[in-house]
Amino acid sequence: MVMKCTAVCLVALTLLGSLCDAQWAGNKPSKPQYPKPLPPVRQEPKQPPQVPQQSKQSFETPLVWTYPLDPVPEPQPEVPFELRHPVPAATVAVECREKIAHVEVKKDLFGIGQLINTADLTLGTCGAVAEDANAQVLIFEAELHACESSLVLTEDSLIYTFVLNYDPQPRGGAPVVRTSKAAIYVECYYPRKHNVSSLPLLPLWIPFSAVKVAEEFLYFTLKLMTDDWQYERPSYQYLLGDIIHFEATVKQYFHVPLRVYVDRCVATLSPDVSSNPRYAFIENNGCLVDAIITGSDSKFMPRTAENKLQFQLEAFRFKGADSGLLYITCHLRATSTAFAIDSEHRACSYTAGWREASGADAVCGSCGSGTGSGSGGKTDLLTPGRKIRDLSQTEVFEWEGDVTLGPIPIGERVAT
């Protein structure tokens with residue numbers, strides 16, 4: 001039964017298909033045309049990215065450009081520089097009068113061109129009493145017992161000491177100062193012993209100009225100088241055989257022109273000029289005898305100024321003295337330049353004959369007589385003062401005083 005149904009179904013389907021073909025026989029649609037698929041492309045494995053090869057570029061003409069050179073600094077010129085050592089400025093002058101001390105101070109107190117303020121400078125507790133605007137000078141006057149002065153008694157003198165106090169204050173509200181504090185000691189010496197004579201009762205013998213000179217103040221100095229004589233030497237140290245340069249001066253603040261002489265000089269191991277051993281290398285009123293005694297190169301130099309006298313001494317040591325220290329004490333004398341150089345006022349040294357520093361060689365004739373060993377007898381060195389020569393002769397006012405320099409260490413040279 002089942003087989004019959006199946007056959008009937010197949011016959012029915014066949015007839016149905018034939019019928020459909022007969023209906024579409026006259027207008028049968030064409031089959032669509034599809035492009036033929038391409039054969040599959042074989043994919044190559046991925047390669048890593050290639051680095052481009054660099055090659056040096058070549059040019060037909062060579063390049064001439066180069067990097068600029070670094071600038072070369074200009075060579076510095078050789079500068080003739082030498083560090084200068086400060087030289088004490090002579091800016092304070094004192095006149096010791098009968099009852100007062102008259103002090104004059106330059107406003108350029110340190111000698112550097114920097115003027116000080118008047119209110120910054122006092123004499124003790126006393127201010128300036130006057131000011132010379134043209135000369136830029138401050139004037140102080142104080143009684144001997146005023147302005148916080150102090151008194152010291154010695155066997156021969158009364159010494160009144162004042163202190164110039166400089167305390168700079170800032171100016172214009174700026175907290176700076178260009179100078180430092182300073183304290184300058186000012187001393188007035190008055191002799192305790194006087195020689196009474198009738199000379200003050202004979203004023204007609206003394207011309208007015210001489211009286212003015214006699215009242216003026218003098219200040220002697222003796223200092224060590226550099227080899228070119230331009231500056232004060234900052235060190236006192238020398239070696240045996242070195243040349244020591246000395247310069248003696250007299251400060252002549254308000255004086256007539258003066259001429260200074262080195263009358264006598266003694267070398268000792270201590271400041272006491274009467275101690276032993278001692279060596280007098282200038283004696284007999286200005287005769288430098290060291291060269292003729294020891295054959296050294298010690299001598300006076302030609303004068304360059306009347307109030308200045310320079311001389312050189314070859315360094316030495318006392319035999320048997322281990323310290324090597326020297327103290328040089330010289331007796332200085334000053335007279336007016338109006339008076340001629342003579343056998344009592346001279347500066348003679350021996351260089352192939354006796355020569356005088358100012359060229360007056362004839363006054364050195366007596367230097368050869370009385371020249372001894374230089375050990376020195378009585379050392380007649382006096383305290384500062386003034387004396388007048390015999391009135392029967394031409395009147396000459398003289399000022400004299402002692403100056404001590406030292407200690408000066410003299411070292412030994414080491415043989416190499």
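## Disulfides, cores and sheets in a predicted model

Numbering the bonded cysteines of the protein in sequence order gives the pairing 1-4, 2-3, 5-7, 6-10, 8-9. The structure is a predicted model, in which local features need pLDDT of at least 70 and side-chain atom pairs count only at pLDDT 80 or more, while totals for chains, interfaces and linings use all residues. Residues are numbered from 1 along each chain as its sequence is written, and side-chain values use heavy atoms, with hydrogens and water left out.

### Disulfides

A search of the whole structure finds five disulfides. A disulfide here is a pair of cysteine sulfur atoms within 2.5 Å. The table gives three of these links.

| Disulfide | S to S distance | Torsion about the S-S bond |
|---|---|---|
| Cys-126 and Cys-147 | 1.9 Å | about -100 degrees |
| Cys-287 and Cys-367 | 1.9 Å | -70 degrees |
| Cys-348 and Cys-364 | 2.0 Å | about -85 degrees |

The locations below refer to strands (E, at least two residues) that, like helices (H or I, at least four), are DSSP runs numbered from the N terminus.

Cys-126 counts as partly exposed because its relative accessibility is 24%. Cys-147 has a relative accessible area of 8% and is therefore buried.

The link of Cys-287 and Cys-367 is left-handed, with -70 degrees about the S-S bond. Here, too, distant parts of the chain are linked: Cys-287 is in strand E14 (residues 287–288), and Cys-367 is in the loop between strand E19 (354–356) and strand E20 (385–388), 80 residues apart. Cys-287 is buried, at 0% relative accessible area, and Cys-367 is buried at 1% relative accessibility.

The disulfide of Cys-348 and Cys-364 is left-handed because its torsion is about -85 degrees. Its two cysteines are 16 residues apart, with Cys-348 in strand E18 (residues 348–350) and Cys-364 in the loop between E19 and E20. At 0% relative accessibility Cys-348 counts as buried, and Cys-364 counts as buried at 2%.

### Nonpolar cores

A nonpolar core is a set of buried Ala, Val, Leu, Ile, Met, Phe, Trp, Tyr and Cys residues joined through side-chain atoms within 4.5 Å. The largest such core has 38 residues, and those with the most contacts inside it are Phe-246, Val-262, Phe-281, Phe-300 and Phe-311. The elements that give two or more residues to this core are strand E9 (219–224), strand E11 (243–251), strand E12 (258–268), strand E13 (278–283), strand E16 (308–314), strand E17 (325–336) and strand E21 (397–411). E21 provides the largest share, six residues.

Contact means heavy atoms within 4.5 Å. Leaving aside neighbours within four places in sequence, the residues in contact with Val-262 include Ala-248, Ile-282, Phe-300, Leu-309 and Phe-311. A second, separate core has 21 residues, among them Val-92, Val-105, Leu-109 and Leu-123.

### Strand pairing

Two strands pair if DSSP finds at least two bridges between them. An open sheet of four strands has the order E9-E11-E16-E15, with antiparallel pairing. Its edge strands, E9 and strand E15 (299–300), each pair on one side only. Within this sheet, E11 and E16 run antiparallel and are joined by seven bridges. Ile-244 has Leu-313 in E16 as its bridge partner.

E13 is mostly covered, with six of its six residues buried. E13 pairs with E12 in the antiparallel sense over four bridges, and Val-266 stands opposite Ala-280 in E13. E13 also pairs with E14 in the antiparallel sense, over two bridges. In that pairing, Ile-282 stands opposite Leu-288 in E14. The hairpin of E13 and E14 has three residues between the strands, and Asn-284 takes a positive phi near 55 degrees in this hairpin.

Conventions. Buried < 20%, exposed > 50% of the residue type's maximum accessible area, 1.4 Å probe, protein only.
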